Amino acid sequence: MPALAGRRNVVVLAVLALAALPAMANPYILYVANIALIYAILAVGLNLLLGYAGQFAFANAALFGIGAYATGLFQVRLGLSFWAAFPAAVVFTTLVGLVVALPALRLSGLYLALVTLAFAQLTQWVMLNWERVTFGAGGFRVPPLTFGALAPALGLYYLTLLLTGLLVAAAWNTVRSGVGRALVAVRDSEVAAESLAIDLARHKAIAFSLSALYAGVAGGLYSALLSFVAPEGFDLFQMVVQFSMVVVGGLGSVWGSVLGAGLLVGLQEALRAFKGAQEIAFGLLLMACIIFLPDGLISLVKRRARGWDEPLRAPDRPA
Amino acid sequence: MRILPGVLAIAIAVTLPFASPVAPASAQGTPGVTADEIRIGALGALTGPGYLYGRLIMNGAEVVFNEVNKTGGVHGRKIVLVREDDRCDAATAIAAAKKLIFQHQVFMLHGGGCSNASIAARPEIEKANVPWVVFASVADEVTLPTAPYIFSTALAASIESAAQLEFAQQQGAKRVAVISMRDAWGRARYNPLMEAFKRKSVTPVADEEMSPDANDATPQVLRLRQANPDAVIIVLYPKAAAVYMRDATKLGFKPTQIGQSALGDLLALREQVAIPNALDRFFTISQVRYTPEDPEMERWRGLVEKYFPGDRLSVYNLMGVASATVVVEVLKRAGKDLTRDRLRDELAKLKDFNTNIYPGVISCTPTDHQCHKTPAFMQLTGDKVKTVGVTTVTR
Amino acid sequence: MLPYLVVSGLTTGSLYALVAMGLVVVYKATSVVNFAHGELFMVGGFLAYTFHVLLKLGYVASLLLAVIAALLLGLVTERIAYRPLMRAPAISLVLAAVGFSFVLKGAARQIWGGLGDYMPFPPVVATPAITLGSIILVPQQLVVLAGALICMGLFTAFFTSTRAGKMLQATAENAKAARLAGIRVERVYAFTWAAGAATGAAAAVLMAPLTFVYPDVGSPLLVKAFAAAVLGGFGSLPGAVLGGFSIGLIENLAGGYLHTSFTDISAFLVIMVVLIVRPTGFFGPRAVRRI
């Protein structure tokens with residue numbers, strides 16, 4: 001018998017609550033919820049790369065930015081509508097992710113971290129310097145989105161909710177499939193994975209492009225939500241925020257990432273009460289989560305409630 | 001089942017701040033105004049590197065509001081300042097603006113430090129018809145095209161940039177070079193500067209860049225020196241500018257150097273450059289008439305350091321004092337029956353208002369909401385800051 | 001033009017090298033990159049500023065006090081952000097350090113942020129600039145250069161010829177074996193973190209006249225120092241210095257000969273190429289495969 005606080009019940013309840021939220025929330029809360037959903041997409045995508053495939057890469061914030069820039073620029077520069085620009089941008093971002101994966105296939109550990117960090121710096125530099133295309137440091141406005149009779153903020157919220165649902169479900173299916181098992185094998189031991197006839201390069205490339213795809217979708221939605229795109233939002237701080245969501249939620253757990261994204265976005269807004277000391281409070285909470293919940297928030301849920309098991313375990317801790 | 005209390009606790013902890021009691025609407029129905037209170041939202045960076053243009057300016061403003069409150073407030077209403085952090089980030093700025101408008105239900109906004117954050121937040125504020133007095137963001141897109149409720153007491157980038165070039169030519173410079181920062185702040189000034197060059201049919205003889213955190217400007221100085229300019233227009237933050245001036249002096253490169261209002265504190269800059277006589281040919285625009293060390297500013301020094309013991313009076317504080325003085329004045333003029341429309345009308349007809357901190361007067365019109373149009377050029381002579389020229393830009 | 005670019009490139013490079021060495025010292029013993037090192041550096045600078053400029057203590061006393069304070073802070077970092085996480089995945093350690101760096105940065109902003117924008121710090125040697133032919137050298141730049149080389153020399157000597165240094169090396173090589181050989185591994189770790197932080201503070205005091213002191217001084221330097229350390233093979237002190245010099249030189253040459261807009265990105269472009277061609281940096285082991 002499934003437990004009352006089991007996964008299916010909680011997810012259904014959460015989706016219902018999110019769908020009903022606009023009826024009772026003011027524009028500020030609706031905006032924050034929309035941001036949280038976008039980050040859920042980002043965190044789930046990054047977890048596929050970091051938590052499942054074990055690739056410690058710094059490229060996700062840049063890919064998020066590329067998704068946002070591409071969605072915006074395809075509209076402003078090429079005159080496409082959002083509905084054409086957005087999917088095109090997602091494809092574009094995924095391809096960039098694949099290109100990033102090429103050097104990554106040969107690298108590991110700190111060297112992978114540094115090359116992807118260099119890629120992130122290069123992306124920032126291009127956003128700042130290729131002014132004829134990107135509008136440079138001052139950013140650019142994206143035409144506001146319309147949804148027929150539906151208010152724009154509401155329409156975008158439901159679009160985000162729909163895509164978040166689809167992408168989380170897709171990730172959940174992926175990690176339970178052969179691909180997911182192969183990724184974990186690559187993470188835990190490349191040698192062992194190879195000896196099981198798992199194609200390392202192919203699976204690393206899959207992980208990189210999947211996370212890029214998620215970042216592209218998130219970026220497109222982000223540009224529509226802000227109606228403004230500028231380089232600052234896609235820097236190292238952004239990367240730290242995304243890493244934190246994955247780790248605080250739980251490495252190698254799709255639901256953990258959803259939880260981590262919601263919690264961290266909520267927390268950042270809640271910490272506004274500290275008026276200037278948010279940096280201190282955020283840093284302390286981040287450290288506390290990592291130290292006291294080493295397997296993430298999701299481990300708390302798994303321990304206390306039945307029906308939250310996931311097919312693959314979290315990364316091994318070296319003895 | 002034991003999970004439920006935990007989940008509930010987390011859910012409550014996260015949602016509680018959002019459910020903070022909504023400010024009671026006033027009798028007349030103007031948000032943020034009650035019989036004894038006016039609620040003003042302060043929007044700007046409290047954290048992150050941009051805090052200089054947020055927290056420190058807000059501290060200056062709060063001192064002015066505190067002083068007004070001590071003498072009974074404005075028409076019997078105390079000013080309550082609510083701060084929200086934008087971290088100089090577009091998404092965070094939109095959240096902060098929405099929170100101030102819809103959650104705190106403030107009467108008006110006072111703030112805006114970083115250009116991109118302010119540009120991103122503008123549509124939301126414009127849509128809500130909330131009066132907004134911008135205290136520091138210089139990008140023209142914050143105030144242009146003119147929005148009915150948005151006014152600025154900061155010197156707009158286009159005005160300063162045009163004045164820098166104008167001043168270079170007044171000093172007899174034929175060959176003018178530029179060194180700038182390629183970030184949002186730098187581009188907000190650089191682009192209008194290039195337009196000013198075009199209007200005068202002049203081309204910069206060199207156009208170099210420097211990052212805000214650079215510790216070395218040797219390549220920049222060498223390249224500029226090769227171009228042999230009479231004057232260099234400096235679009236840099238204080239650190240980059242200090243490094244640049246240090247390396248320029250070191251390499252014997254001494255053209256006329258022309259700064260802008262981010263370099264308004266000449267005594268601080270001299271201390272940072274730390275080479276004697278390095279600022280001999282350095283001129284800068286200042287947003288404020290006095291350096292913090294000036295005896296004229298003694299009163300504000302005392303007050304700022306009393307209310308904010310961690311602060312040592314800076315030009316950032318003074319910018320807040322000056323801007324808040326304007327806010328208080330228009331609140332007074334708007335009268336006892338305070339509404340947002342009345343405040344807007346009073347702002348739109350504010351004319352020749354002297355804060356005794358801004359170098360010139362503050363004048364708005366219904367069509368021009370860039371109310372600060374007086375770039376004053378300053379130079380250091382000995383330990384004294386001397387005003388060498390004031391240009392008032394007219395449109 | 002070339003001599004100027006080279007001299008100033010080496011000076012900037014020694015800034016990166018000094019910061020990188022603090023990273024490498026900790027990494028050598030613990031295999032952890034301390035992403036809070038930039039902030040330990042920053043706090044060291046502010047402490048020295050407080051002692052020397054605000055409290056008007058002597059230069060040497062301020063330097064010593066700042067180094068001692070940073071040493072304690074290093075011990076605190078080890079205790080709260082490293083020891084509980086020794087067995088956690090690398091990303092957790094990185095994030096714990098980043099969390100700690102937020103705390104330090106936020107605290108610095110609260111405590112010292114009201115003083116002004118970029119706090120100037122008086123140079124160690126107040127002699128006028130030295131002219132060598134057409135080149136002008138600011139003495140402080142030579143001090144930083146010398147400081148980087150001395151630090152490198154001291155640490156290298158320490159690691160290769162002292163008992164404590166050898167213990168560190170042994171621990172890094174195989175913690176379990178070191179413990180069996182009677183080395184108190186926890187103490188060794190604590191010592192390294194303290195030493196790393198102290199290096200940061202000493203570097204900060206040397207460099208403060210050039211970089212100024214402000215809450216965000218550490219982060220951009222850390223990114224460059226991390227790059228320098230990886231380029232040098234991480235774990236090699238001469239490698240870190242060479243990596244720092246390389247980045248400083250590349251930046252200046254690209255800025256001087258291409259355009260100044262390339263200054264910041266040039267080093268990263270070179271790094272991308274180097275690591276794609278040679279995936280373990282200049283000084284790294286030729287092949288790494290840990291099973």
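This is a predicted model: local features need pLDDT of at least 70, side-chain atom pairs count only at pLDDT 80 or more; totals for chains, interfaces and linings use all residues.
The contact draws 39 residues from chain C and 36 residues from chain A, with two residues counted as touching if their C-beta atoms, placed from the backbone, lie within 7 Å. On the side of chain C that touches chain A, the elements giving two or more residues are helices H3 (59-82), H4 (90-112), H9 (218-231) and H11 (263-277) of chain C.

Residues are numbered from 1 along each chain as its sequence is written, and chains are lettered from A and ligands numbered from 1 in the order in which they are written. Helices (H or I, at least four residues) and strands (E, at least two) are DSSP runs, numbered from the N terminus.

Over in chain B, seven strands make an open, mixed sheet in the order E8-E7-E9-E10-E11-E12-E13, where pairing takes at least two DSSP bridges between two strands. Strands E8 (207-209) and E13 (384-390) of chain B sit at the edges, each pairing on one side only. From one strand to the next, the twist averages 25°. Strands E10 (residues 256-259) and E11 (residues 282-286) of chain B run parallel and are joined by three bridges, with B:Ile258 opposite B:Phe283 in E11(B). Helix H7 (residues 184-199) of chain B lies across E7 (176-180) and E9 (231-235) of chain B, at about 140° to E9(B); axes are lines fitted to C-alpha atoms, for helices over the stretch in contact, and angles run from 0 to 180 degrees between N-to-C directions.

B:Val221 is found in helix H8 (residues 218-227) of chain B. B:Val221 counts as buried because it has 29 C-beta neighbours inside 10 Å, the cut-off for buried being 20 or more other C-beta atoms within 10 Å.

The model scores ipTM 0.91 and pTM 0.92. Chain C averages a pLDDT (the predictor's confidence in each residue, from 0 to 100) of 86. Residues 287-291 of chain C stay under 50.

Conventions: A residue is buried if 20 or more other C-beta atoms lie within 10 Å of its own, exposed if 12 or fewer, and partly exposed in between; C-beta atoms are placed from the backbone.
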